Amino acid sequence: MMAIILFGLFFLLVMLRLPIAVALAVSSIAVLFTGSGIFGLELVADIMYTSISKFTLLAIPFFILAGVIMEQAGISKRLIDFAQALVGHKKSGIVFVTVMTAIFFAAISGSGPATVAAIGGILVPAMVKSGYKKETAGALVASSGAIGIIIPPSIAFIVFAVVAGDQLPISIARLFMAGVIPGLMLGVGFILAAMWVRWRQEIKEGPLEGFVPMKPASAKERLKAFTNALWGLLIPVIILGGIYGGFFTPTEAAVVAVFYGLFVGFFVYKELNMKKLYAILVASSIQTAVVMFIVSAASVYAYIITTEQIASQISAAMLGLSSNPIIILLLINVLLLIAGMFIDAISAYYIFIPILLPIMILFEVDPTVFGVFMTVNLAIGLFTPPVGLNLYVATGISDTTLGEISRGVLPFVASSIIILLLITFVPWFSTFLPDLLNIK
């Protein structure tokens, strides 16, 4: 009965287009009131406060702030210029530039929508100028932006480690390194998908109109572009080098990233001022409030799933369908892909980790591998309708409708699902780097 109220009311509210956090909170409160009356409601504030008062979660507001600073400091523009100097003269160079810049910026912001916002304003018009349709350009940027929650530092991995840590300890540093190869694989998949789209378009319509090959950059021009972008390129080196060198924790690394970004913005590129800083603080505060509200509301939801034995009942039901680990992993992927179409990654972690992690432990799936393929699933959700956040950001940038960009994103969804299956069934892609560097 409790499970019906919890899940039924939640999905009803989501279908009514209420914010995810509100749907989580209302459905949780309804269950607590049904089960314990007014006394059950006393738990809500305590759980919500406790869930966000964890030192590890301090990394989230600081990484959000760092990402906004990097965007406003002009780092994204210089990264794009550097990528164009390297491959902009190639026939599909703008595609390489888009994906490469997304990967670079992902290693700065840790957020999908932030990556789309930072690079889309420049790269979508550039792709259209090169002959690509607006929906294809917007779809590639939206898809590439999803790499932001896989390539370290990743806000999603931080939340995964916190939620899964209630059942077994998981290292954020190991998750960060485990995301590198899968993130790069997704980038390659997006490039191949975009080249396939271009090939089909040229077969139907002839050579793309408007494409004028860039003159290859000289060694001097490439060196200048590299020098201009160097301060941005050093950010992931400093963050990850500091974490894996033992100089600071992931949370402390987020603080370092903020101060580094401020230094670059004020004293190196000189594109920041006090007026911009105020706007940056406001924007990052709003983003942080949204994330933390989701975390606190989802924590109450996860508490009910655990204490009411809903997680164990669903786990037992899934295991009753099959004892074949391949079938179970496929079912879990389908479940997460569908969930990612409707809810954000943070909410999905709190809802599904208590249910799915015991199954992964039973089948002896490395928790790191589970963390990576679950995150990749939810990254795909960022650019799939109807609730893909990246799609909405890219729609505004590319001046398209949600329907148009949803059609344009299909080849990128297909390529990412292929990559997802490889990551799920070949654990080596996730474990190679952490094991190589002996990161536990």
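Within helix α5, the residues Ile-75, Ser-76, Arg-78, Leu-79, Ile-80, Phe-82, Ala-83, Ala-85 and Val-87 are buried (under 20% relative accessible area with a 1.4 Å probe and protein chains only; exposed is over 50% and partly exposed lies in between). The model is predicted, so local features need pLDDT of at least 70 and side-chain atom pairs count only at pLDDT 80 or more, whereas totals for chains, interfaces and linings use all residues. Residues are numbered from 1 along each chain as its sequence is written, and side-chain values use heavy atoms, with hydrogens and water left out.

Helix α5 covers residues 75-87 (helices are DSSP runs of H or I with at least four residues, numbered from the N terminus). Its 13 residues should span 18 Å at 1.5 Å a residue, and the end C-alpha atoms, 19 Å apart, agree with this (the expected span is 1.5 Å times one less than the number of residues).

Turning to a helix pair, the axes of α7 (residues 112-129) and α8 (residues 134-145) come within 8 Å and cross at roughly 150° (axes are lines fitted to C-alpha atoms over the stretch in contact, with angles from 0 to 180 degrees between N-to-C directions). The two are therefore roughly antiparallel (over 145 degrees). Residues of α7 that meet α8 include Thr-115, Ile-119 and Val-124, and their partners in α8 include Ala-137, Leu-140 and Val-141 (heavy atoms within 4.5 Å).

Finally, Ser-285 lies in helix α14 (residues 274-307) and counts as partly exposed because its relative accessibility is 44%. The C-alpha atoms of Ser-285 and Leu-65 are separated by 7.9 Å, although these residues are 220 residues apart along the chain.

Technical notes: Angles under 35 degrees count as roughly parallel, over 145 as roughly antiparallel, 65 to 115 as roughly perpendicular and the rest as oblique.
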